[in-house]
Amino acid sequence: MKKITVAIDGHSSCGKSTMAKKLAREAGYIYVDTGAMYRAVTLFAIQNGCFAADGSLDAARLESLMPGVSVSFRLDEETGKPLACLGGVVVEKEIRGMEVSNRVSPVAALPFVREAMTRQQQLMGKEKGIVMDGRDIGTAVFPNAELKIFVTASDEVRARRRYDELRAKGEEVEFEQILANVRERDYIDSHRAVAPLRQAPDALVLDNSNMTIEEQDAWLWKAFQKAVNTIQ
């Protein structure tokens with residue numbers, strides 16, 4: 001059976017990574033969380049003094065340090081899930097907190113950051129048989145992907161999901177803070193100069209605002225099977 005490239009794009013906190021991971025497991029494909037890659041770069045920027053006390057980003061400093069940024073993934077032997085690594089060190093927990101969430105969009109908008117990560121992503125998907133999710137996978141990274149999905153949900157629904165996720169991890173957060181972050185990220189992601197978040201013309205739209213996880217997974221699997229059968 002021929003393998004395809006699956007590109008899943010969409011807004012923050014709409015469940016892209018969760019559904020992409022499951023699809024990859026069921027299809028026997030490799031999964032790459034590109035959002036985790038940009039979060040890892042953001043963590044690197046924080047750790048290396050690229051943010052001033054007022055929150056402003058020193059892009060010139062980050063650019064000078066980019067050659068030393070190494071982002072990779074390691075498979076968790078117990079769960080079978082990929083873990084994001086920065087410089088070979090697992091940083092999965094660190095990149096999911098609000099400190100990184102509040103700063104990832106301006107970092108991800110930088111042309112030199114996107115170029116570096118896009119190169120790495122294209123190398124990862126060279127042999128197909130890959131499921132990749134992010135903001136610009138179907139438009140910039142793999143414009144010729146056989147299956148493109150654009151996932152969305154209302155900002156309130158996405159904020160609630162993110163809030164529940166962080167609370168479950170023991171983090172003290174306010175819903176309004178999460179909602180403001182979701183809206184800010186939507187605006188920045190959609191208005192950046194390089195590879196903005198947008199729906200590819202040939203992408204299938206999945207609005208999962210009112211769908212159960214089982215319903216969205218069934219929808220995605222059906223779309224995947226149809227795409228695979230089309231190229232046989």
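Student: Which residue caps the N-terminal end of helix 2?
Tutor: Heads up, this is a predicted model: local features need pLDDT of at least 70, side-chain atom pairs 80 or more, and totals for chains, interfaces and linings use all residues. Numbering runs from 1 along each chain as its sequence is written, and side-chain values use heavy atoms, without hydrogens or water. Helix 2 (a DSSP run of H or I, at least four residues, numbered from the N terminus) has a side-chain oxygen 3.1 Å from the backbone nitrogen of glycine 35. That oxygen belongs to the cap, aspartate 33.

Student: How far apart are the end C-alpha atoms of helix 2?
Tutor: Helix 2 covers residues 34-47, 14 residues.

Student: How many residues of helix 2 are buried?
Tutor: Buried means under 20% relative accessible area with a 1.4 Å probe, protein chains only. Among those that qualify are Met37, Tyr38 and Phe44. Helix 2 is mostly covered, and of its 14 residues the buried count is 11.

Student: Which residue forms an aromatic pair with tyrosine 29?
Tutor: Rings pair if their centres lie within 6.5 Å, and planes over 60 degrees apart count as edge-to-face. Here the centres are 5.5 Å apart with 85° between the planes, which is edge-to-face. The partner sits in helix 10, 195 residues away from tyrosine 29. At 6% relative accessibility it counts as buried: phenylalanine 224.

Technical notes
Helices (H or I, at least four residues) and strands (E, at least two) are DSSP runs, numbered from the N terminus. The expected span of a helix is 1.5 Å times one less than its number of residues. Buried means under 20% relative accessible area, exposed over 50%, partly exposed in between (1.4 Å probe, protein chains only). A polar contact is a pair of N or O atoms within 3.5 Å; within protein, one must be able to donate a hydrogen and the other to accept it, and residues adjacent in sequence count only if both atoms are side-chain atoms. Rings of Phe, Tyr and Trp (its six-membered ring) pair if their centres lie within 6.5 Å; planes under 30 degrees apart count as stacked, over 60 as edge-to-face and the rest as tilted.
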